[in-house]
Amino acid sequence: MARASGSFTLQQLHYFIEVAAEGSISAAADLLYVSQPTMSAAMKDLETRVGRALLVRSARGVTLTDEGAEFLGYARQVTEQAALLEQRYLGRPPSRRLLGVSAQHYSFVVDAFVRMVRSSGAAEYEFSLRETRTWDIIEDVRTLRSELGILYRNDFNRNVIDKLLRDSGLAFHPLFLAEPHIFISRKNPLAARDRVALADLADVPRLTFDQGANNSFYFAEEILSTLSSKREIRVSDRATIFNLMIGLDGYTISTGIISDDLDPEIVAIPLDVDERIEIGWIGHSAIPLTQQAQRYLDELRAVVAGFGVALLG
């Protein structure tokens, strides 16, 4: 593409952000009440001004180029700062807050999300929280459906996860190390134990989160995924797995951090294995986080620290 020529406007940045979010020039035009030709021309003019291809156009819509993904991060920063200036010096109301988070099934992720929404102070906001499969978390962040992803690594899956992240232009940022626990119903006989061993679980139904078409051991949400189990049930959501813990006395393996407010019938018991679970967040390597994403991470760290867990980094 030709060299950059001239500057671009805040309006063009707003247009570009909406086009990226919608994955469609026409959908963004409808959302912002401008004509499709006007939006299309604005995007072409923006690309000419920055001297780079930002969008890949197809019959199904648009996707971001690698440079487009990087540009989006800076565009969000600029528009967010402009909104803060208008709010501070022109008396404008706070801007609409935006954030998408994709995560494995952790109650502390939800707890932090609740705190963030409550403390946002925004008259308008559009937040999303997707508890989903490991592969889909990475895809959500890669395609900017979500700005942040929350997942775990350990010695078993680290090389595979790290390679996939590198290939996707993403980076893993450690938050904390957790000792493995089993989550079980308060009525489960094992709930009275101080610790449990793998042998104690031999006849207990093992509950795991289904990973769909990418059902590799490396993408399992639970450690020790290669160990066989006589009784195993795969589920797709956290409510179901908790119901099965209560109804079938099943167990799953997780971090040990569980909110009594969100999950009052479930307890965490330490699992006697020589393993550690490294929880972290993922984001684009070349895109700075928005202030709203930083606020969410601050709340996440506060929630985890509230359980007496040492933070990393």
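Tutor: Helices and strands are here DSSP runs, numbered from the N terminus: a helix is a run of H or I of at least four residues, and a strand is a run of E of at least two. The model is predicted, so local features are reported only at pLDDT of at least 70 and side-chain atom pairs only at pLDDT 80 or more, whereas totals for chains, interfaces and linings use all residues. Residues are numbered from 1 along each chain as its sequence is written, and side-chain values rest on heavy atoms, with hydrogens and water left out.

The helix to begin with is α6, which spans residues 134-142. Thr134, Ile137, Ile138, Asp140 and Val141 are its buried residues, buried meaning under 20% relative accessible area, exposed over 50%, and partly exposed in between (1.4 Å probe, protein chains only). Seen down the axis, the buried residues of α6 fall within an arc of 160°, so they line one face of the helix; the arc is taken from the directions that lead from the helix axis to the C-beta atoms. After α6 comes Leu144, with a positive phi near 70°.

The loop between β8 (206-209) and β9 (232-235) holds Gly212. Between the C-alpha atoms of Gly212 and Asp136 there are 9.8 Å, although 76 residues separate the two along the chain. Gly212 counts as partly exposed because its relative accessibility is 24%.

Asp210 belongs to the loop between β8 and β9 as well. With a relative accessible area of 24%, Asp210 is partly exposed. Setting aside neighbours within four places in sequence, Asp210 is in contact with Arg133, Arg234 and Val235, where contact means heavy atoms within 4.5 Å. The side chains of Asp210 and Arg133 are also joined by a polar contact of 3.2 Å. A polar contact is a pair of N or O atoms within 3.5 Å; within protein, one must be able to donate a hydrogen and the other to accept it, and residues adjacent in sequence count only if both atoms are side-chain atoms. From Asp210 to Glu221 the C-alpha distance is 8.6 Å, for a separation of 11 residues in sequence.

A further residue of the loop between β8 and β9 is Leu224. Leu224 is not a glycine, yet its phi is positive, at about 60°. A relative accessible area of 18% makes Leu224 buried.

Helix α8 (residues 238-248) may be read in the same way: Arg238, Ile241, Phe242 and Met245 are buried there. These four lie on the same side of α8 because they cover an arc of only 100° around the axis. Asn243 and Gly247, on the other side of α8, are exposed. At the start of α8, a side-chain oxygen of Asp237 comes to within 3.2 Å of the backbone nitrogen of Ala239. Just after α8, Asp249 has a positive phi of about 55°.

A pair of helices comes next. Helix α2 (residues 25-32) packs with helix α3 (residues 36-50) at an angle of about 115°, and their axes are 8 Å apart. The axes are lines fitted to C-alpha atoms, for helices over the stretch in contact, and angles run from 0 to 180 degrees between N-to-C directions. From α2, Ile25, Ser26, Ala28, Ala29 and Leu32 meet Gln36, Met39, Ser40 and Met43 of α3. Tyr33 sits in the loop between α2 and α3; its phi is positive, about 60°, although it is not a glycine. Tyr33 is exposed, at 76% relative accessibility.

Another loop residue is Thr65, between β2 (61-64) and α4 (66-89). Thr65 has a relative accessible area of 17% and is therefore buried. Its side chain reaches the backbone nitrogen of Gly68 at 2.8 Å. Beyond residues up to four places away in sequence, Thr65 touches Ala53, Leu54, Leu55 and Val56.

These parts belong to a protein with nine helices and 12 strands. Of its 313 residues, 47% are buried. Among contacts with a separation of 6 or more, 77% are between residues 24 or more positions apart.
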